[in-house]
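Trainee: Please take me through the strand pairing in this model, and then through the salt bridges, slowly and residue by residue.

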Amino acid sequence: MARARVIVMNSALGPLDYRVPHGMTVEPGAIVVAPLGPRQLLGVVWEPERLATEEVGDNRLRNLIGVVDAPPIPAPLRRLIEWTADYYLAPLAAVLRMALSSTSALEGGKTIVEYRATGEVPPRMTAQREQALERIGDRQGLIRELATIADVSDAVIRGLVKAGALEGRAVDLDSPFPEPDPDHAPPVLSTEQAYAAGILQAATATAEFEPFLLDGVTGSGKTEVYLEGVAEALREGRQALILLPEIALTEPFLKRFHARFGVEPVAWHSGLRQAQRRRAWRQIAAGQAKVVVGARSALFLPYRDLGIIVVDEAHETSFKQEDGVHYHARDVAVMRGHFEGCPVVLASATPAIETRHQVELGRYRELKLPGRYGKAELPAIEAIDLLADPPERGRWIAPKLVGAIDATLARGEQVLLFLNRRGYAPLTLCRTCGHRFQCPNCTAWMVEHRLIRRLACHHCGHVIPTPRACPECDAEDSLVACGPGVERIADEATALFPDAKVAIVTSDTIWSPAKAAEFVARMEAQAIDIVVGTQLVTKGYHFPNLTLVGVIDADLGLEGGDLRAAERTFQQIMQVAGRAGRGEKPGTVLVQTHAPGARVIEALVSGDAESFYAAETEARRDADAPPFGRFAAIVVSSEDKDAAHDTARTIARAAPRVENMDVFGPAPAPLAMLRGRHRFRLLVHATRQIDVQDVIRDWLGALEWPAKVRVAVDVDPYNFL
Ligand SMILES: [Zn+2]
Ligand SMILES: [Zn+2]
């Protein structure tokens with residue numbers, strides 16, 4: 001009798017065996033429909049010898065229901081799924097779900113009906129209909145998608161279809177993508193670029209696993225170099241994957257790609273419509289979608305034949321997923337290259353200490369690009385000591401920076417003011433009674449967003465209208481904003497320079513690729529003089545007329561005891577500094593700080609990255625911190641605080657005694673309450689020789705806890721107390 005071992009899409013279950021009915025054939029990787037109780041679940045057939053499960057007699061097996069009409073999950077991806085589940089202590093089904101990330105890709109039928117405006121005005125116009133038509137504009141989508149865009153009910157959209165204001169169009173779901181041409185517009189490379197590109201091309205041609213660190217300051221031309229590796233993969237008829245940290249930033253990248261290869265790459269991110277997701281998924285699985293540019297979730301797609309993987313801005317911490325499967329896309333990308341047999345390029349101007357360490361160990365090969373490409377020079381970085389040269393009372397921009405902005409604007413050049421804090425003010429309090437606005441669901445202050453007159457929690461999304469009176473003491477007009485966010489800095493810039501055109505760039509204002517494109521166009525047309533932005537503006541952009549960068553608060557990232565705080569501050573300020581002087585005009589960077597003597601600030605000013613990294617690395621070595629030692633966090637959460645605390649203590653009491661391993665806690669997690677759940681955390685610290693995953697698997701595997709308690713393990717965590 002034919003049996004199949006199947007991972008069903010239910011994280012609570014291990015692999016299950018099924019009978020393969022007569023007339024059905026399944027191979028490992030096949031996506032199948034399997035019965036589970038009264039329900040039907042998707043699952044993937046696996047090699048039985050790779051997954052242990054309880055032996056079930058033939059007579060107790062249930063029949064598989066069907067095989068899905070989609071390409072099977074390829075073997076290298078199956079190996080990656082196993083590795084990811086094993087390393088990050090996650091259920092196989094949870095990792096597999098990331099590979100089957102388009103359910104509509106697995107459904108039959110090749111066309112769907114999408115709707116778009118006809119331009120006709122409905123005979124009966126209501127406020128809702130008007131709002132819907134205005135917001136939909138010339139967009140096209142499913143009824144549900146249009147309703148979401150327009151913020152109206154499905155019924156309103158259906159009414160508009162009936163009234164003739166929207167019309168249906170059959171969309172071919174599986175039309176192929178235009179293919180990039182590797183010889184469309186090859187770039188003129190510098191000697192150093194050509195050397196690095198040649199090595200990547202050779203590595204791609206041999207189709208063997210090899211990790212690279214492509215290291216060069218911002219503006220040194222890393223993108224041109226790795227795109228030559230991509231071109232080589234195309235010539236070999238293979239696929240390429242480029243991971244980027246912030247999807248809103250792909251617009252300038254897509255343009256560059258288009259200029260090099262004649263077409264846009266296939267994009268993969270959370271903003272795709274269902275039909276787009278399905279098309280991308282199926283064409284990727286078929287090997288037809290040649291180059292995919294995406295957020296970290298693109299890593300688990302079923303590429304048929306990957307020829308190269310690039311992780312751009314590889315030092316970015318946003319590659320670490322903080323919920324569900326806690327994976328780090330940079331590290332998983334290297335493993336994917338290992339299983340696929342292809343080179344992996346980590347590109348960065350400020351490589352993570354972990355990555356540098358791999359280079360030192362000889363595991364990664366470093367390709368270094370010196371200097372900036374063309375005439376552009378690296379900007380000079382200067383510190384402004386906020387104690388010696390403070391801003392006026394109630395202001396945040398120091399006189400020296402004000403003077404520099406003035407001079408820059410007078411030359412007709414552009415300014416970027418950087419503060420990594422959205423909204424107007426991070427804290428609002430009542431001047432009469434001292435009441436502070438805290439989120440009811442999280443241990444976090446409500447952040448004032450003055451543009452939309454709301455207080456918002458940045459962790460759970462809880463939003464309230466900004467009240468006029470204090471909810472505690474009823475005092476009117478008694479609320480004061482404490483500290484600056486970008487909106488407040490923009491107000492200050494406008495007050496200082498009333499003639500300057502000021503723009504705010506955060507995820508609140510740039511929430512789609514179209515918005516990003518609009519921002520780029522306005523910058524290029526000189527319709528903006530001063531940009532006030534968060535880290536969203538620090539990556540990928542290239543504005544030749546932007547010559548002054550002001551960092552409002554360099555100390556912000558140094559707060560808290562995070563082991564990577566100094567490194568992250570260094571990376572972030574180097575990155576934002578890289579926005580200045582990218583054309584022929586030289587740039588200046590002014591960094592406001594209360595601690596001009598801090599090692600990281602001194603390194604930024606002196607430009608001595610090497611000694612900064614050396615000192616940070618030594619400090620990590622002394623503390624047995626990554627990459628020399630290992631951490632894992634066990635986060636216990638529940639809506640019931642006592643239940644969470646009890647479970648956390650039970651886990652702590654059961655901690656195994658292992659030499660060279662310590663367990664700390666439980667302590668309230670950095671966010672003691674998040675989205676209504678109370679959180680406690682244990683921190684495991686061990687030397688590299690210890691298989692932390694194995695220890696934790698045995699330790700937690702022997703314990704039980706109430707169903708209302710969730711226990712999550714974060715291997716190699718990035719959020720610390
Ligand atoms: Zn009050
Ligand atoms: Zn909240």
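Mentor: Let's begin with Ile 7, whose bridge partner in β4 is Val 44. Strands here are DSSP runs of E with at least two residues, helices are runs of H or I with at least four, and both are numbered from the N terminus. Two strands count as paired if DSSP finds at least two bridges between them.

A word on the ground rules: this is a predicted model, where local features need pLDDT of at least 70 and side-chain atom pairs count only at pLDDT 80 or more, while totals for chains, interfaces and linings use all residues. Residues are numbered from 1 along each chain as its sequence is written, chains are lettered from A and ligands numbered from 1 in the order in which they are written, and side-chain values use heavy atoms, leaving out hydrogens and water.

Back to the pairing: β1 and β4 sit within an open sheet of five strands with antiparallel pairing, in the order β2-β1-β4-β3-β5. At its edges are β2 (16–19) and β5 (66–67), each pairing on one side only.

Further along, β26 (residues 629–638) has 10 of its 10 residues buried, where buried means under 20% relative accessible area, exposed over 50% and partly exposed in between, with a 1.4 Å probe and protein chains only. In a regular strand the side chains alternate between the two faces of the sheet. Both faces of β26 are covered, with Phe 631 among the residues on one side and Ile 634 among those on the other. β26 runs antiparallel to β28 (residues 677–687), joined by 10 bridges, and Gly 629 stands opposite Thr 687 there. β26 also pairs with β29 (residues 710–715) in the antiparallel sense over six bridges, with Val 636 bridged to Val 711.

Now the salt bridges: the whole structure holds 39, each a side-chain nitrogen of Lys or Arg within 4 Å of a carboxyl oxygen of Asp or Glu. One joins Asp 86 and Arg 697 at 3.4 Å, N to O. This pair links α1 (residues 75–87) to α19 (residues 692–701), 611 residues apart. Asp 86 is partly exposed at 43% relative accessibility, and Arg 697 is partly exposed at 32%.

Another joins Glu 354 and Arg 620, with the closest N and O atoms 3.6 Å apart. Glu 354 lies in α11 (residues 353–360) and Arg 620 in α17 (residues 609–622), so this pair ties together parts 266 residues apart in sequence. Glu 354 is buried at 12%, and Arg 620 is buried at 3%.
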